[in-house]
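Please walk me through this protein model, from a few single residues up to the whole chain. Keep it brisk.

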Amino acid sequence: MTKQHSHIFGIGLAAGSAVFAPHAAVAALVISTAVTSNVTCSDSVCAPTAEKAVLNVGDLENLLEAGNVEVTTTGSNVQAKDITVSAALTWSNNNSLSLDSYRSITINNAISVSGAGGFSITTNDGGSNGLLLFGSKGNVQFANLSSLLAINGTPFTLVDSIASLSGAIATNPAGAYALANDYDASADGTYHRSPVATSFSGVFEGLGNTISNLTIKFRIKHGDTAFFATVATSGVVEGIRLDHERVSTEKQAYGGAGLVAVNYGTLLDDQVDGTFKGLIMGGLVGGNYGLIDHSLAKVNISTTEGGGLVGDNESGTISNSHGSGKISAGNGGLFIGGLVGVNQGFIQDSDSEVFVSSSTSTTLGGLSGEELGSITTDSYATGSVSGGDESVVGGLTGYAHGTIENSYATGSVTGGASAFVGGLVGSADAVIQESYSTGAVSGGSGAIMGGLIGGYDDNGSKFTSCYWDTTTSGVTQGSGDGNEAGITGLTTQQLQSGLPQGFGKKFWAEQTTINGGFPYLLKDPPSKK
């Protein structure tokens, strides 16, 4: 039994890429308010004498009053791995600070270059896979746009407004630009097209700064709009926060997204918080062909097709990303997902706590609305999902045609009359393995419901090591056709008493203080509760 659907309609990480992650590495040189220990400063260079070292921020500011300073993780026969800035740091003269790390640099507090001084950041100086990371309170701000900023040897042009960024990119689309300060876009009024309309092939570094109160109302009938219209294959957008952004489209106009309408390049460590209204919407990206990594969207979306992070993941990769908020669909809803509307690519190590709803016949999922020849792995959804009559509703995915593995859903799932409703997937022609669901499952008259899956294609579907919670789901069968091979019902107590059979310890773990005692993913653990 199945319900058929049709969809209408060289990836590389940048060196020193920014990620919103507040946790410091253990073997690190930490700049903090604590007393300096295991650090020596000589000839304008501060270096560790042990793998774990502390440089007092006041001591560093005094050194910057006297001249240029370099802070490095490499000492005499000692190698700390990372640099962490955990205290607010400022200097007001023309001197420069250099942070040179073997691997990553984490900025968990404000760095303010309040004079005309310069700032240099180097990651992966001898190491690999290092990143420039920003915690929730971390950013870098400049008082003078003529100050020098260099990241891994690349000089950046500082901009202080949307207009200056758009103008610079129009002149040189392949340039390197950084946002010097937070920017309130209220005074800009309403944009009627993408503020950055030129296809961008360079690097934009937000430095953890925030653009707030951006309003875009799209008037063109066909097209996409967002903060960036298009990021080309070689383009990188990272470290930017968009707060209280509002994107909408006039009647019969197609929508875009919060940050990038069409992405062919790399989006890293970006945060979007806003309200979006249109026909095809994504909180971050309309259509993705590239890489979206370590990105977050907090959204309030009204749309006919779309997702909290991406509208249509055409052939791209989404990893280490998160969506929260709510998405609703009115009349004519198509495919709605908490993270992605339609996934034709790859989703990994990502999660959604978006509440997804529609009052009409729509295909909805807590993570993705529709999966077409795609792969979703090591991901989960926790938001409730509800649809109208003849809808296809799944806690993780509405309709799946592809592969789902090492994934789970915990939100309640509700459908109307004649709906397909499943705790994990509403309807499928897919391979699903090492996955489970716990949400309550309910539907109207004639609904086809299952603890794990509603309807499925007998020939194309295969289930291995899949489970549903018979206690919390309220249903006694794993699928709409009954108890299918490979789908097993377990009570809450059984699911909390150890990993289910077939769940590999390379991917899964279980602790009473994490995820309510249910299995959780090692690569993407939820908050402890």
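E434 sits in strand β51, which covers residues 431–437. The model is a predicted one. In it, E434 has a positive phi of about 45 degrees, although it is not a glycine. N129 is another non-glycine residue with a positive phi, in this case near 60 degrees. The setting of N129 is a loop, the one between β14 (118–122) and β15 (132–134). Is N129 buried or exposed? Its relative accessible area is 69%, so N129 counts as exposed, because the cut-off for exposed is over 50%.

Now turn to the cysteines. How many disulfides does the structure hold? It holds one. The partners are C41 and C46, with their sulfur atoms 2.1 Å apart. The angle about the S-S bond is 110 degrees, and the link of C41 and C46 is right-handed. The two ends can be described by their accessibility. C41 has a relative accessible area of 38%, so C41 is partly exposed. C46 has 1%, so C46 is buried. A further cysteine, C466, has 0% relative accessibility and therefore counts as buried.

T40 belongs to this part of the story. T40 is placed in strand β3, residues 39–42. Its relative accessible area is 45%, so T40 is partly exposed. Which residues does T40 touch, not counting those up to four places away in sequence? They are V45, C46, A47 and T49. C46, one of these contacts of T40, is also a partner in the disulfide with C41.

Next, the charged side chains. The count of salt bridges comes to one. R103 and D82 form it through their side chains, at 2.9 Å from N to O. R103 lies in the loop between β11 (96–100) and β12 (105–107), and D82 lies in strand β9 (residues 82–85), so the pair ties together parts that are 21 residues apart in sequence. What is the relative accessible area of R103? It is 30%, so R103 is partly exposed. D82 has 4% relative accessibility and therefore counts as buried.

Two serines come next. S384 is placed in the loop between β44 (368–381) and β45. S391 lies in the loop between β45 (385–386) and β46 (392–394). Is S391 buried or exposed? The relative accessible area of S391 is 0%, so S391 is buried. S384 has 25% relative accessibility, so S384 counts as partly exposed.

The surroundings of S391 come out in its contacts. Setting aside residues up to four places away in sequence, S391 touches T360, S361, T362, L364, G415, G416, A419 and F420. What lies 2.5 Å from a polar atom of the S391 side chain? It is the backbone oxygen of G388.

S384 has its own set of contacts. Leaving aside neighbours within four places in sequence, S384 is in contact with V354, F355, V356, G411 and S412.

Finally, step back to the whole chain. Its secondary structure comes to four helices and 58 strands. Along its principal axes, the C-alpha trace spans about 80 × 55 × 35 Å. A compact globule of 529 residues would have a radius of gyration near 24 Å; the protein chain has 24 Å, so the two agree. How much of the protein chain counts as buried? Of the 529 residues, 57% do. The protein chain exposes about 19000 Å², and carbon and sulfur atoms supply 49% of it.

Terms used
Residues numbered from 1 in each chain as written. Predicted model: local features only at pLDDT ≥ 70, side-chain atom pairs only at ≥ 80, totals over all residues. Heavy atoms only, no water. Buried < 20%, exposed > 50% of the residue type's maximum accessible area, 1.4 Å probe, protein only. Polar contact = N/O pair within 3.5 Å; in protein donor to acceptor, adjacent residues only side chain to side chain. Contact = heavy atoms within 4.5 Å. Disulfide = S-S within 2.5 Å. Rg over C-alpha atoms; globule rule 2.2 N^0.38 Å. Areas by Shrake-Rupley, 256 points an atom, 1.4 Å probe, with all protein chains shown as cover. Salt bridge = Lys/Arg side-chain N within 4 Å of Asp/Glu carboxyl O.
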